[in-house]
Amino acid sequence: MTLIDNFNRKIEYLRISVTDRCNSRCKYCMPADGVEFKPHIDVLSFEEIEKIVKAFAKLGVKKIRLTGGEPLVRKNIVELVSKISKIDGIKEITMTTNGLLLKKYAKELKEAGLNRVNISIDTLNFDKYSEITRGSSLKDVLEGIDEAEKVGLAPIKLNTVLVNGFNDNEIVDLVELTKYKKFDVRFIELMTIGDTANWTRERYISNEIVLEKVKELKSVKKLDKSSPATYYQVPGYLGRVGLINPVSCGFCSDCNRVRLTSTGRLKLCLHSDVEYNLKKFLDSEETLENELVKLIKEKPEKHKLNEGVSIKKSMFQIGG
Ligand code: SAM
Ligand code: SF4
């Protein structure tokens with residue numbers, strides 16, 4: 001059995017949110033206060049995650065991304081990486097992290113089987129970083145990036161969410177990071193979702209501005225056709241620049257991914273509020289696999305962000 005949806009897309013990639021908690025408070029992701037996290041009792045245990053990954057792997061999923069919330073605040077996260085890396089059929093494990101704890105964990109993660117990391121970094125200015133994250137330290141992230149590089153969690157992707165009037169004046173500096181390092185610097189457009197919808201709507205800026213500000217950027221071929229980014233490079237630079245435009249829906253037809261929330265809900269599309277509870281199928285491997293094959297047929301053909309439809313949850317609750 002394989003996971004093929006009604007639009008002939010083969011699902012090979014599962015993104016798992018291991019927690020909705022976070023050690024940071026980015027203004028576009030979480031409100032200043034009143035954030036409600038899921039009680040620990042509802043969060044999937046490692047054994048439950050393992051069962052679900054095994055079922056997906058049997059059905060042809062090869063790639064796992066751990067995210068959150070902040071995946072590195074989940075207790076014993078290294079042990080989870082190690083468990084997943086031993087599952088037959090899983091060829092790649094990656095992680096999206098804010099990097100704050102990466103200095104501490106990079107080596108252990110690599111040894112446990114993590115292949116690479118995407119690190120979020122919205123500014124290269126220490127004060128601005130503290131401002132957008134409501135108090136986190138850029139120094140920790142930079143040290144985390146260094147350590148990830150040192151232990152070979154590569155190629156490293158740096159994710160920058162573009163915020164109008166905040167970091168659009170740093171685009172050139174961020175692109176310059178690709179000059180001597182094989183980093184992919186990816187600019188992501190703000191999504192107006194969840195509790196921060198008003199904040200994000202007022203600060204949205206199209207990532208076309210990157211091409212306007214850095215005229216030297218030349219389009220280059222995508223290495224992975226299911227990647228949501230379109231890639232560019234300044235000739236002669238080692239790294240690449242990616243533009244991710246979630247609103248345009250340019251990549252829905254090549255979408256090969258589904259998501260699992262920290263409480264065991266399957267999300268077939270990031271931009272849909274529809275979720276399916278997998279917890280009730282965990283007693284039998286066979287039932288779980290059969291249900292996944294059935295559920296995958298519900299994956300929507302494309303999202304409706306460009307029709308002004310936005311989802312109720314924020315990224316930390318879904319697993320961005
Ligand atoms: N805590 C980790 C991190 O920040 O990398 C992983 C989870 S975070 C929700 C995943 C990604 O979602 C980050 O790159 C973050 O910048 C992005 N993100 C969060 N809210 C967003 C929004 N409203 N629009 C666009 N990207 C957003
Ligand atoms: Fe935390 Fe990541 Fe959301 Fe920032 S974007 S608040 S680091 S989950």
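**Exercise 1. Determine which residues of helix H1 are buried and what covers them.**

Step 1. In this predicted model, the buried residues of H1 are Phe 46, Ile 49, Glu 50, Ile 52, Val 53, Ala 55, Phe 56 and Ala 57. Buried means under 20% relative accessible area, exposed over 50%, and partly exposed in between (1.4 Å probe, protein chains only). Helices (H or I, at least four residues) and strands (E, at least two) are DSSP runs, numbered from the N terminus.

Step 2. Their cover, by contact (heavy atoms within 4.5 Å), includes strands S1 (13-17), S2 (63-67), S10 (257-260) and S11 (265-267), together with helices H2 (77-85) and H9 (285-295).

Local features need pLDDT of at least 70, and side-chain atom pairs count only at pLDDT 80 or more, whereas totals for chains, interfaces and linings use all residues. Residues are numbered from 1 along each chain as its sequence is written, chains are lettered from A and ligands numbered from 1 in the order in which they are written, and side-chain values use heavy atoms, without hydrogens and water.

**Exercise 2. Locate Asn 76 and Arg 134 and state the phi of each.**

Step 1. Asn 76 belongs to the loop between S2 and H2. Its phi is positive, near 60°, although the residue is not glycine. Asn 76 is partly exposed because its relative accessible area is 46%.

Step 2. Arg 134 sits in the loop between helix H4 (126-132) and H5. Arg 134, likewise not a glycine, has a positive phi of about 55°. With 34% relative accessibility, Arg 134 is therefore partly exposed.
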